[in-house]
Amino acid sequence: MQEPFRDLAAAYKNGDEFSLDASRFKAAGEEVIGLCEPLLQNGAGAETDVEAPTDIDTAPPADGGSYSSILDLQRAYIMAGGECSVLNQTNQITLAAESGDCNDTSVLSTYLSATDISELIQNNKALNEEIGFESDAVWLIGQNWIINSEDAAEVRKEMGGQLVSF
């Protein structure tokens with residue numbers, strides 16, 4: 001059944017000419033139909049009404065998962081309802097592998113490790129304390145990313161992660 005297709009592939013691979021004798025391919029096709037026809041007659045592949053499973057967990061990962069790049073994080077943020085049609089990648093966030101801002105109120109960043117994220121949080125807490133700055137900022141934190149935005153709590157519903165305020 002597969003012989004004409006194998007011959008075609010071998011000829012192509014070797015740079016040889018090959019004659020497309022339609023009767024050989026037609027015979028192979030008839031064999032396929034012959035094999036499938038009993039299945040179709042017995043109802044295989046027939047349309048049936050099937051209820052979708054209701055026990056599928058569609059919740060986002062509690063830890064927010066990880067993203068391989070700031071562009072992947074941006075896409076997920078948009079899909080979760082965040083506004084970020086234009087990402088200005090500046091890479092100016094300390095300890096971040098990649099960072100950028102979407103608008104005046106949203107900053108996205110990715111990190112090489114959770115340790116880098118913890119260090120950044122501790123550094124910001126210490127700086128705020130040192131200068132007497134009280135912030136109402138809330139960051140959404142995943143395995144290797146941070147979203148610093150007013151809508152962090154809202155996008156968490158779709159992205160998962162933890163909210164951190166300081």
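1. Two strands count as paired here if DSSP finds at least two bridges between them. Helices (H or I, at least four residues) and strands (E, at least two) are DSSP runs, numbered from the N terminus. Within this pair, Ser109 has Ile146 of S5 as its bridge partner, and Thr110 stands opposite Trp145 in S5.

2. A word on the model before going on. This is a predicted model, in which local features need pLDDT of at least 70 and side-chain atom pairs count only at pLDDT 80 or more, while totals for chains, interfaces and linings use all residues. Residues are numbered from 1 along each chain as its sequence is written, and side-chain values use heavy atoms, with hydrogens and water left out.

3. On its other side, you can follow the chain back to S2. Strand S2 (residues 98–101) pairs with strand S3 (residues 107–110) in the antiparallel sense, again over four bridges. A hairpin of five residues joins S2 to S3, and Asp101 has Val107 in S3 as its bridge partner.

4. Now for the whole sheet. Six strands form an open, antiparallel sheet in the order S1-S2-S3-S5-S4-S6. At its edges are strand S1 (88–89) and strand S6 (162–165), each of which pairs on one side only. Helix H5 (residues 152–159) packs on the sheet and touches S4, S5 and S6, and its direction makes about 15° with that of S4. Helix H4 lies across strand S4 (138–141), S5 and S6, running at about 170° to S4. For these angles, axes are lines fitted to C-alpha atoms, for helices over the stretch in contact, and angles run from 0 to 180 degrees between N-to-C directions.

5. Ile121 is buried, with a relative accessible area of 10% (buried means under 20%, exposed over 50%, partly exposed in between, with a 1.4 Å probe and protein chains only). Leaving aside neighbours within four places in sequence, Ile121 is in contact with Trp139, Ile141 and Val164, where contact means heavy atoms within 4.5 Å. The C-alpha atoms of Ile121 and Phe166 are separated by 8.5 Å, although these residues are 45 apart along the chain.

6. Ile131 is also in helix H4, but at 57% relative accessibility Ile131 counts as exposed. Together with Leu127 and Phe133, Ile131 makes a nonpolar surface patch of about 310 Å². Patches are made of residues with over 30% relative accessible area and no salt bridge; like charges are joined within 9 Å, and nonpolar side chains (Val, Leu, Ile, Met, Phe, Trp, Tyr) within 5 Å. Accessible areas come from the Shrake-Rupley method with a 1.4 Å probe; for residues, only the protein chains shown count as cover.

7. Finally, the charged pairs. A salt bridge is a side-chain nitrogen of Lys or Arg within 4 Å of a carboxyl oxygen of Asp or Glu, and by this rule the count comes to two. Arg75 and Asp72 meet in one of them (2.6 Å, N to O); both lie in helix H3 (residues 70–79), three residues apart, about one turn of the helix. Arg75 is partly exposed at 49%, and Asp72 is partly exposed at 25%. Glu154 and Lys157 also meet in a salt bridge (3.2 Å, N to O). These two are separated by about one helical turn because Glu154 and Lys157 are three residues apart in helix H5. Lys157 counts as exposed, at 56% relative accessibility.
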